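Hi everyone, thanks for making the time. I'd like to walk you through one model today, so let me put it on the screen.

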Amino acid sequence: MRNKGAIWTLAIALALVCIYQLSFTVVTYKVRRDANKYAARVIKSTDGKLDSLGLKIADRYLDSVSAEPVYNFLWMKKYTYRDCQEREINLGLDLRGGMDVVLEVSTVDVIRSLANYSKDTTFNRALALAQQQMKSSNEDLVTLFGRVFESLNPNAKLGSIFTAQELRNVINYSTSNEDVLKILREKANNAIDNSFQIITTRIDHFGVAQPNVQRIQGGDRILVQLPGVEEKERVRKLLQGTARLEFWETYENSEILKGLVDANTLIKEFNKASVSAPASQTAETVTAKATPDTAKKDLTLLEQIEADTTAARDSLTEQALGEEMPLFVVLKPNVTQNWEPLPGSVFGRVHYKDTAKVNQYLRLAIQKGLFPSDFKYLWSAKPIEDPETKKPTEYYEVHGIKITGRDGRPPLTGDVVTQANMQFDQVAGNAEVSMNMDATGTTAWARITRDNVGRCIAIVMDDYVYSSPRVNEEIPTGSSSISGNFTTQEATDLANLLKSGTMPAPAKIIQEEVIGPSLGKESIKSGMNSLLVSFVLIFAFMIFYYSRTAGLIADIALFLNMFFLIGVLASLGMALTLPGIAGIVLTIGMSVDANVLIYERVREEVLAGKGIRLAIADGFKNAMSAIIDGNVTTLLTGIILFVLGTGPVKGFATTLVIGICTSLFSAIFITRLVFELYLEKNAKLNFATPISKGAFKKLKFDYMKNRRIFYGVSIAMIIIGSISLFVRGLDQGVDFTGGRNFIVKFDKPVDNIQIANLLEKPLGTRPTVITFGAADKVRITTKYGIESDNPEISEQIQQLLYQGLQPELGNNTTYENFSTTNLQSVQLVGPTIADEIKRKSYWAIFVALVMMFIYIGLRFRNWRFGMGALASLAHDAFFVVALFSLLYGLMPFSMEMDQTFIAAILTIIGYSVNDTVVIFDRIREHRKLHPKKAFKNVINDAINDTMSRTIVTSLTVLITVLIIFLFTGESVMGFSFAMLLGLMSGIYSTVFIATALVFDTQPKAIKEQV
């Protein structure tokens, strides 16, 4: 063996690097163990288990040692606990719990702001059409907008539309449309970059350990991963809040009341015109109600309101009161008991259930011109606080806002804020946020406060009023404060938002996954069990089949492969996820393939009469081409998965790609080095046991003779599968349809139909409910609110779930307990990203098939081999898809078509082509050795010669996939079941379909050789 010294050096260096990287994981484990022991002593826990108080004490212990040196690597450098945390193996959110969020920055809002919110018809229509095209296109919004704009009006100039202040030096009327689009693209990218920096700053202030914030390459999306976070709603507000701080002049309550009275009259008449009078009412009654009371003309506005309301309450039923006073039934005017208007910008109080109706009424009144032309209204950010109990009520305030600018923009925004801090009001002791402004803001603030002495200024964040203090005198210093019944945490978050800056454009959560800590612990346990069991079984099988010595050498290579794989993952800072563990388990099964190929070739050389040293050398040499071809094709599949996959699919692909590289190094080089050591000592080497010595040898099955039978079987399967796909279709998951998944655990087994019945009324539509693992755990799927832009919609849906499930949860379960204990996982996939996932999945399968065809065609220099492999792979993919169509709803686990299902299809393609390549490689070898032998005999001999390898490798992979299916839990059960089906189909198609098609596409003269 050549270059043994270099290989030894590389192996030792790689081992040392892995030891170094993995040592940090060992250290952090010991520190956390010490923290738990300390907490157990403090709370006097006899069994070492920690309650919520114990966990907090353990966290404080870890905080106290975070900056303390805890590790001294080879006495060269001291590392603190925080340093070790940054270098340890990161566990994915599915293993440790937390939030995984994909945010989409609104490029549309960036373009609108650069156009100064132009009303140009062509501009707005082009932007709307470009948004629609984005759903089915891979191009960016700016490119699509430019193309649509030009098609709508070829002679229009974009330079006349984009007139924002920041563009005046770079765009004018003569600027070409192409140059304008380049500038817009640059501005949009800058806005996304700025959003990324702002979100990163906010997360840094949030205080979570080991966060991951990264911009998704080439797009307007940002990935945020927050391990261990349980405050879901707080995170959503932190990420989606634009921190658009605005200062508005206001109307006084007394200036709005007349408009409210007129609005009530308008709405009353509008409702009467819309609804016909009931038959029980007489014509005289209806006429009397519709006739205005002329006597009221002599009354003041306040007297009219008081008289109308008192008379209505005294003489009308609740339903009639709603007909007579439709606005004031849902909006309580901000007046005293004597109907005197209270000072301030608040003109009404509304119950949260009536806010939608009030919005409808006020919009109608504004449309009819019943309020001043510069009037608009905004809601308070928080409900009103009860003055006695100091607890929030269910009512929100409505503020009257005065629009003073021609463009409808506020006179002052948060861009001028230079510093913001949480502090406590010296009088009441409430938390508030203090602010300082720059020179421009100070000047503008002085002017606004000077012009509004005696009036209120509304301090607005993201279109909600946080406070509206009355101006007593001009404020020339640029200092101010925001108060609004904040908790300390809310005031701190608001200060952080202001310090990090205003988002250049709104960011919307389009994909979200929340994993509870209990589900994470279950995933760790099941993942580690599958890893351990698969390793032990493969370890034992190799010794059983290939003898103690040869099997042990293969097991050493397998162990080093796992060691190198995990070490490389740690050194790259990759998070270990449940799909990643599935990839490791699958790597265990596939990594022995190279050893099996080598061992089978060595056994053949020994049977041919060669000595053991020469047999080993020739076995390695002759197996090399099949090993390289098989692993390259699988590697291509892994790369395609990594490039086109997202989330768990990308984690699986990363593990698979690294595992292929480390398994090749271990099987080819490490195994050979160990054999060389044995040969130097003249140790006895055997590659078979008495049981396996003659297994699968001297097979003489004529596959080509019976090929038409197998064609018939495959065609029958295709027909049945096609009918099922046409009639039943596939059970598409939220990855492809958009929606929300909730995993809920109960204290007892529950009935899925009953759960669906309970939730149908609060959600408005019937959700899909399936058992998720044990009978006391379900997964609820709904599309409720999926199109909503309300940042609080997720919290609202969880409230609806809690209300609907109350009969099963019991009265003792509070909403807090439900959201932290019962609700174990939340997944959101927005419709936009669902379309993209579906499109990428189809492309991934198509690209994988084409790549396999091209590679095999070039490698074997014959398009027929590429075509045979392509048909075999398409056969396997269709077989799995068809069976999923036939069996979904019949199996006791989810068989959805989602990202992990596509990952399974691609993995099947990679594995199946590996098997196919091995047989093709033997066909190529036999044709060189026996050029005059009939081609069908060459194929038959190649299949028979490799049957031992096919069965052994397939058996090891089947064992590992079966272990994944049994041990790694519901989340990857569909993936592993698809793999089981695909592996069996792959064996069948490789042996009976791919080779038969290669034979049948040969020229007639070759086919008729005897």
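Predicted model: local features only at pLDDT ≥ 70, side-chain atom pairs only at ≥ 80, totals over all residues.

Residues are numbered from 1 along each chain as its sequence is written, and side-chain values use heavy atoms, with hydrogens and water left out.

The protein chain has 34 helices and 23 strands; these are DSSP runs numbered from the N terminus, with helices being H or I of at least four residues and strands E of at least two. Of its 1010 residues, 51% are buried. Here, buried means under 20% relative accessible area, exposed means over 50%, and partly exposed is in between, with a 1.4 Å probe and protein chains only. The accessible surface comes to about 47,500 Å², and carbon and sulfur atoms hold 56% of that; the areas come from the Shrake-Rupley method with a 1.4 Å probe, and for residues only the protein chains shown count as cover. Among contacts with a separation of 6 or more, 73% join residues 24 or more positions apart, where contact means heavy atoms within 4.5 Å.

Now please look at helix H6, residues 121-134. Which residues of H6 are buried? They are Phe123, Ala126, Leu127 and Ala130. Down the axis of H6, these buried residues fall within an arc of 100°, so they line one face of the helix; the arc is that of the directions from the helix axis to the C-beta atoms. As a reminder, an α-helix has 3.6 residues a turn, so residues three or four places apart point the same way. The buried residues of H6 pack against helix H5 (107-114) and helix H7 (141-152), whereas Thr121 and Arg125 are exposed on the other side.

On to the cores. The largest nonpolar core has 135 residues, and Tyr599, Val880, Phe901, Phe920 and Ile923 have the most contacts inside it. By nonpolar core I mean a set of buried Ala, Val, Leu, Ile, Met, Phe, Trp, Tyr and Cys residues joined through side-chain atoms within 4.5 Å. Helix H33 (residues 973-1000) gives the largest share of this core, 16 residues. Another core, of 70 residues, lies apart from it and includes Leu226, Leu239, Ile786 and Tyr815.

Finally, the loops. Threonine 689 sits between helix H22 (648-680) and helix H23 (707-727), and this threonine is buried, at a relative accessible area of 13%. Leaving aside neighbours within four places in sequence, threonine 689 is in contact with Ile543, Phe544, Tyr545, Tyr546 and Ser547.

Most residues other than glycine have a negative phi. Asparagine 116, in the loop between H5 and H6, has a positive phi near 55° and is partly exposed at 44% relative accessible area. Arginine 861, in the loop between helix H29 (831-859) and helix H30 (863-887), also has a positive phi near 55°, and arginine 861 is exposed at 78%.
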